[in-house]
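Thanks for coming. I have one structure to go through today, and I will keep to what can be computed from it. Please have a look at it first.

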Amino acid sequence: MTYTDPYRPPTGTGRPDASPSDITRAGVTRTMLWLVLVISAVGNMVASYGGSGTPAHLVCGAVTALCVTALVVQRLRGRR
């Protein structure tokens, strides 16, 4: 990577063989966790407005908490 302008970051990715379509297992896992997180949060909202019982709220809340925990753990492991 060469810097031609000191006020602009380089446009390269740092790896000459990297392509935008590189899909990793961690990326797929992160995407799936976010998807399940959003679905469980929406499910909890629907359960609240629909007047569902406590078990529906507990299940949605537990799934949401597990997804958040998994995303935080994945983020912290990725920092190393």
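Is Ser-40 buried or exposed? Ser-40 is buried, because its relative accessible area is 6%. For the labels, buried means under 20% relative accessible area, exposed means over 50%, and partly exposed is in between, with a 1.4 Å probe and protein chains only.

Before going on, the conditions. This is a predicted model, in which local features need pLDDT of at least 70 and side-chain atom pairs count only at pLDDT 80 or more, while totals for chains, interfaces and linings use all residues. Residues are numbered from 1 along each chain as its sequence is written, and side-chain values use heavy atoms, with hydrogens and water left out.

Now the overall layout. The protein has two helices and zero strands. Both terms refer to DSSP runs numbered from the N terminus: H or I with at least four residues for helices, E with at least two for strands. Of the 80 residues in the protein, 10% are buried. The protein exposes about 6900 Å², and carbon and sulfur atoms supply 64% of that. Accessible areas come from the Shrake-Rupley method with a 1.4 Å probe, and for residues only the protein chains shown count as cover. If we take contacts between residues at least 6 apart in sequence, 52% of them join residues at least 24 apart. Contact here means heavy atoms within 4.5 Å.

Next, the helices one at a time. Helix 1 covers residues 25-50, which is 26 residues. Its first and last C-alpha atoms are 37 Å apart, close to the 38 Å expected at 1.5 Å a residue. The expected span is 1.5 Å times one less than the number of residues. The buried residues in helix 1 include Gly-27, Leu-33, Leu-37, Ser-40 and Ala-47. Helix 2, residues 54-78, is part of what covers them. Just after helix 1, Gly-51 takes a positive phi of about 75 degrees.

Helix 2 has 25 residues, so at 1.5 Å a residue it should span 36 Å, and its end C-alpha atoms are 36 Å apart, which agrees. Its buried residues are Cys-60, Cys-67 and Leu-71, and helix 1 is part of what covers them.

Leaving aside neighbours within four places in sequence, Ser-40 is in contact with Cys-60, Val-63 and Thr-64. His-57 lies in helix 2 and counts as partly exposed because its relative accessible area is 25%. Not counting residues up to four places away in sequence, His-57 touches Asn-44, Ala-47, Ser-48 and Ser-52.

Cys-60 is buried at 17% relative accessible area, and Cys-67 is buried at 5%. A disulfide is a covalent bond between the sulfur atoms of two cysteines. With the cut-off that a pair of cysteine sulfur atoms must be within 2.5 Å, the structure holds zero disulfides.

Last, the surface. Which residues form a nonpolar patch there? Trp-34, Val-38, Val-42, Met-45, Val-46 and Tyr-49 do, with about 680 Å² of accessible area together. Patches are made of residues with over 30% relative accessible area and no salt bridge; like charges are joined within 9 Å, and nonpolar side chains (Val, Leu, Ile, Met, Phe, Trp, Tyr) within 5 Å. A salt bridge is a side-chain nitrogen of Lys or Arg within 4 Å of a carboxyl oxygen of Asp or Glu. Trp-34 is found in helix 1 and is partly exposed at 48%. Val-38 is also placed in helix 1, and counts as partly exposed at 47% relative accessibility. Val-38 and Thr-64 are 26 residues apart in sequence, and their C-alpha atoms are 8.1 Å apart.
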